[in-house]
Amino acid sequence: QVVITDIKLFGKHINYSDEKVTTHVSVSPKLKLGYRENSITIEFAALHYSNATNNTYKYMMEGLDESYIMSGNTREASYNRIPYGNYIFKVFAANSDGVWSETPAQIEIIIAPPFWQTWWFRGIGIFFLSLVVFGIYQIRLYNIKSHRLKLAKEVRERTQEVMLQKEEIEKQSKIIEEEKNKVEKLLLNILPEETAEELKLRGKA
């Protein structure tokens, strides 16, 4: 049989009474750490005291190691800069006769993600990003509407200006026509009728 004898965080011993360590109703202890608490040393020993120096070990951090690591008679495993996530550390021991323990000693290790990797932070980020995008869209929409209103106003003003110019031209044409009629009448009064008619026909009146 093999047991975990000590857990160190950055070389400092963690007691099983520590709030970081809890125990399942089954058997396996659980170690909960923050994302910066990611350098762990786990010590273990086989409960086989005759020829203890000949005991050998193999261990694995499920979720991190791809296969068991044969550590010989070294009774500790160290992991540095472990990414956040859920892991299970397992260790087996073999006695001097090469007989391996049937069940491993194990501990579940949970390293919490940094706050910016949590679902609630991402949710807040998405919410604020949506607000920014919506705000930009509203500003763009407002600018488009303002531009259209400005163009419509310019068209109205230009149209009004053209209408005024047309009215002025018609007014001037009317004045010219009236002056022309006055001149014709005057000519009819002071020139002989035949001469006046001739001038009118030639367009000189």
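How many salt bridges does the structure hold? There are 3 salt bridges in this model, which is a predicted one. They are visited one by one below, after a look at the whole chain.

**Stop 1: the whole chain**

Show the protein chain as a cartoon. Its secondary structure comes to 2 helices and 10 strands. Along the sequence the order is β-β-β-β-β-β-β-β-β-β-α-α. Now colour by burial: of the 205 residues in the chain, 25% are buried. The accessible surface is about 15100 Å², and carbon and sulfur atoms hold 56% of that area. Among contacts with a separation of 6 or more, 60% are between residues 24 or more positions apart.

**Stop 2: the salt bridge between Glu43 and Lys8**

Select Glu43 and Lys8 and show their side chains. The two meet in a salt bridge, with 3.2 Å from N to O. Glu43 belongs to strand β5 and Lys8 to strand β1, so select both strands as well; the pair links distant parts of the chain, 35 residues apart. Are the two partners buried or exposed? Glu43 is buried, as its relative accessible area is 19% and the limit for buried is under 20%. Lys8, at 25% relative accessibility, counts as partly exposed.

**Stop 3: the salt bridge between Lys90 and Glu62**

Next select Lys90 and Glu62. In this salt bridge the closest N and O atoms are 3.0 Å apart. Lys90 is in strand β9 and Glu62 in strand β6, so the bridge ties together parts 28 residues apart in sequence. Lys90 is buried, with a relative accessible area of 19%, while Glu62 is partly exposed at 29%.

**Stop 4: the hairpin of β6 and β7**

Select Tyr57 and look across: Gly72 in β7 stands opposite. β6 and β7 form a hairpin, and 6 residues lie between them. In the turn, select Gly63, which has a positive phi of about 100°.

**Stop 5: the nonpolar core**

Select Ile40, Phe89 and Ile109. These are the residues with the most contacts inside the largest nonpolar core, which has 25 residues. The elements that give two or more residues to this core are β1 (2-9), β4 (29-33), β5 (40-46), β6 (56-62), β8 (76-79), β9 (85-94) and β10 (105-111).

Now centre the view on Phe89. Which residues is Phe89 in contact with, leaving aside its neighbours within four places in sequence? Ile4, Ile42, Phe44, Tyr59, Met60 and Met61 are among them. The list also includes Ala77, Tyr79, Ala105, Gln106, Ile107 and Ile109.

**Stop 6: strand β10**

Of the 7 residues of β10, 6 are buried, so the strand is largely enclosed by the rest of the structure. Turn next to the strands with which β10 pairs. β4 runs parallel to β10, and 4 bridges join them. Here Lys32 stands opposite Ile110 in β10. β9 and β10 pair in the antiparallel sense, over 7 bridges. Here select Ile88, which stands opposite Glu108 in β10.

**Stop 7: the nonpolar surface patch**

Follow the chain on from β10 and select Phe115, Trp116, Trp119, Trp120, Phe121, Ile124, Phe127, Phe128 and Leu131. Together these residues make a nonpolar surface patch of about 1000 Å². Where is Trp116? Trp116 is in the loop between β10 and α1 (119-190). With a relative accessibility of 40%, Trp116 counts as partly exposed.

**Stop 8**

For the last stop, select Arg158 and Glu161. They form a salt bridge whose closest N and O atoms are 3.1 Å apart. Both residues lie in helix α1, 3 residues apart, which is about one turn of the helix. Arg158 is partly exposed, at 46% relative accessibility. Glu161 is partly exposed too, with a relative accessible area of 37%.

Definitions and conventions
Residues are numbered from 1 along each chain as its sequence is written. This is a predicted model: local features need pLDDT of at least 70, side-chain atom pairs count only at pLDDT 80 or more; totals for chains, interfaces and linings use all residues. Side-chain values use heavy atoms; hydrogens and water are left out. A nonpolar core is a set of buried Ala, Val, Leu, Ile, Met, Phe, Trp, Tyr and Cys residues joined through side-chain atoms within 4.5 Å. Buried means under 20% relative accessible area, exposed over 50%, partly exposed in between (1.4 Å probe, protein chains only). Contact means heavy atoms within 4.5 Å. Two strands pair if DSSP finds at least two bridges between them. Patches are made of residues with over 30% relative accessible area and no salt bridge: like charges are joined within 9 Å, nonpolar side chains (Val, Leu, Ile, Met, Phe, Trp, Tyr) within 5 Å. Accessible areas come from the Shrake-Rupley method with a 1.4 Å probe; for residues, only the protein chains shown count as cover. A salt bridge is a side-chain nitrogen of Lys or Arg within 4 Å of a carboxyl oxygen of Asp or Glu.
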